[in-house]
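Here are my notes on the complex, point by point. Have the structure open as you read.

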Amino acid sequence: MTTGKVLYEVKNVSKNYGSVQALTGVSLKLHAGEVIGLVGDNGAGKSTLVKVLSGAHQPSEGVVELDGEERRWDSPHDALVAGVETLYQDSGLAPHLSVSSNVFLGREKFSKGLLGKLGFLAQKDMDRIAHENLEKVGIAVPQSNRSVSQLSGGQRQAVAIGRAVSWASKVIILDEPTNHLGARQAGEVLAVIQQAKKRGLGVIFISHTLPHVLQVTDRIVVLRLGKIVADAPTSTFDAESLLGTITGLIEK
Amino acid sequence: MSSPVVAPSRIKSLFGNQQFILLLVLFAMVAFFTWRNPVFFSNAVFGNILADWSPVVLIAVGEFFVIVSGGIDLSVGSTIAISGVVSAFSMRALTANHVGQNMTLFLGLLTCVGIGILVGSINALLITKARIVPFIATLTTMGAGAGMAIVLTGGSQIGDGPAKAISLSVPDFGPLSRPGIVIVFIVAILWVIMGKNRFGRYTYAIGSNSFAARAAGINVNRHLAKVYILSSVLAGLAGFYYYLLLSVGAPTSGQGGELQAIAAVVIGGTALAGGTGKLSGTVLGALILTTVTSGLIMINVAANWKQVVVAILIAVAVLIQEFRSTGGTGSGPIRRLLTRNSK
């Protein structure tokens, strides 16, 4: 396991929604070039932790640090600008827009000169660059000016991941990226994660599909009832012990 | 081309299938009406059709932006009435005080735009801040606007404005009047913006998936506010157009305008569920609507048949959409509209 400096860190984070305590004293370190698997049963607090990490929610207590600096995300956009990309379950793309329009959504390239200042788009450049960037992270999409609704489920997911990986400069959070995918497509997604790791990004991989978690991660963090109950190198787990830790049959 | 998004090429976006069908329908109508009454094929009649079309295309294009963004604007008709009436009051007062005609007309135009901004802002606040669904929010401003237009005028028309107004709506550019030329110009600019500008891109994105748009960092509420204000300002301009046409502010101007606007958008092939559609289709849709109206009168068909013909056109347009988007599996825009959540 080759890991660099600490990239993204949460320290002693708690989150409650009214009287519901969703997270209690969670601390987590993500290193550059590291893939963390975040697992846990439904209601364990995975989604809440993802929301804190992606800037959708603010922690009730505790701090979030990026590159050793304390950060406070007021919106997911803040985190995005700082280099933390999140891929949400299913709903990250606008189906009627083309592949390249989705890749550049919210970060459009404009024409040169006055027209660009007036918000006119450099669509040809975006089509070309989107195609290049997706190829660079290992995703082959037929045509970047095709609308996303014309793609298969696997291709859509690939575009969503490709977008996140190509924009992320530091951290990428993938919430159930292999859901609803066939074995071959899931394999492609896992390959993209390996690519991101090679580029020195920190990856947080949330999944219910434990074989995928065991296959692609360096370290596994198990949440149960809002607390971290295990945080250990992936090599110390097998399918059985991981499942046991998630369900609480094994205390680690 | 069931999901036209980013104008791939100019020619394709103009004559994509849906547009081609609309043009065929238009030519067929012109041929039919000319066959029944040869007088139909004349500059005078085309001039009348374009005079009717000009305000309708304005509100239809505003409605197009709103519908693509995933909403609906029912207030455009009553915004025509209230802006026309308030502007007529102000122009009457200015004329009584011997303000020059050009200045009076200019201030009257600004009044219409101002009323448009006001109505659009109210719609935007109700939708983005009070989180009322667009249908209900614009239903309330529709009722309030129409009611106020009647109350302010006591139901009568407001005249005694600048005498010059009527001369402006004479067709002196072929079949088009000077205001008509301005409207064509405005529509052309909006067409380019929809296809090539960030404003259009965000409108499509929000209508397609507002969650994704927000996640990508687009300020969805601010953009929707702009869209609703645009729609109301275009309705205000239509109000001023009717003033020029009639030389009075009539509280009944624009009655049923919201339905004409929505009909033009739907006939033009735009899905009510949002996220897709072409502005050129809406322009043709408005032209088909106004051609039917004039044509039926020219061939002595009772005026109320117009509604039946328009209803058939809408039904056919929606069926074509439904078929295109699903290949006939029955999970298309109608189904989605019936089951969709509020945004």
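1. Most of α4(B) is covered, with 16 of its 21 residues buried. Just past the helix, B:H98 has a positive phi of about 60°. Keep in mind that this is a predicted model, so to speak of positions here is to speak of computed ones.

2. Chain B as a whole has 15 helices and 2 strands. Its 343 residues are 53% buried. If you take the contacts in chain B with a separation of 6 or more, 77% are between residues 24 or more positions apart.

3. On confidence, chain B has a mean pLDDT of 88, and 89% of its residues reach 70 or more. The stretch to treat separately is residues 1-7 of chain B, where pLDDT stays under 50; the model has 26 contacts beyond four places in sequence for these residues. Where pLDDT is low, predicted coordinates should not be read in detail. For the complex, the predictor gives an ipTM of 0.82 and a pTM of 0.86.

4. Strand β1 (residues 6-17) of chain A is joined to β4 (residues 61-66) of chain A by 5 bridges, and the two run antiparallel. Another 8 bridges join β1(A) to β2(A), again antiparallel. You can see both pairings at A:Y8, which stands opposite A:L66 in β4(A) and opposite A:L30 in β2(A). The hairpin of β1(A) and β2(A) has 2 residues between the strands, and A:G18 takes a positive phi near 60° there.

5. Chain A also has an open sheet of 6 strands, this one with mixed pairing and the order β6-β7-β8-β3-β9-β10. Which strands stand at its edges? They are β6 (84-87) and β10 (227-233) of chain A; each has a single partner strand, so one side of each is left without a neighbour in the sheet. Neighbouring strands of this sheet are turned by 15° against each other on average, direction ignored.

6. Strand β3 (residues 35-40) of chain A runs parallel to β9 (residues 219-224) of chain A, with 5 bridges joining them. A:L38 stands opposite A:V221, and A:V39 stands opposite A:V222. With β10(A), in contrast, β9(A) pairs in the antiparallel sense over 6 bridges; A:R219 stands opposite A:P233 in that pairing. The hairpin of β9(A) and β10(A) has 2 residues between the strands, and A:L225 takes a positive phi near 50°. As for burial, β9(A) is mostly covered, with 5 of its 6 residues buried.

7. Finally, the helices on this sheet. Helix α1 (residues 46-54) of chain A lies across β3, β6, β7 (171-175), β8 (202-206) and β9 of chain A, and runs at about 150° to β7(A). Helix α6 (residues 153-167) of chain A lies across β6 and β7, at about 175° to β6(A).

8. One residue of α6(A) to look at is A:Q155. Is A:Q155 buried or partly exposed? With 19 other C-beta atoms within 10 Å, A:Q155 counts as partly exposed, since burial takes 20 or more.

Key:
Residues numbered from 1 in each chain as written. Chains lettered and ligands numbered in written order. Predicted model: local features only at pLDDT ≥ 70, side-chain atom pairs only at ≥ 80, totals over all residues. Pairing = 2+ DSSP bridges. Helix = DSSP H or I, 4+ residues; strand = E, 2+ residues; numbered from the N terminus. Buried ≥ 20, exposed ≤ 12 C-beta atoms within 10 Å, placed from the backbone. Axes fitted to C-alpha atoms, helices over the stretch in contact; angles between N-to-C directions. Contact = placed C-beta atoms within 7 Å. pLDDT = per-residue confidence, 0-100.
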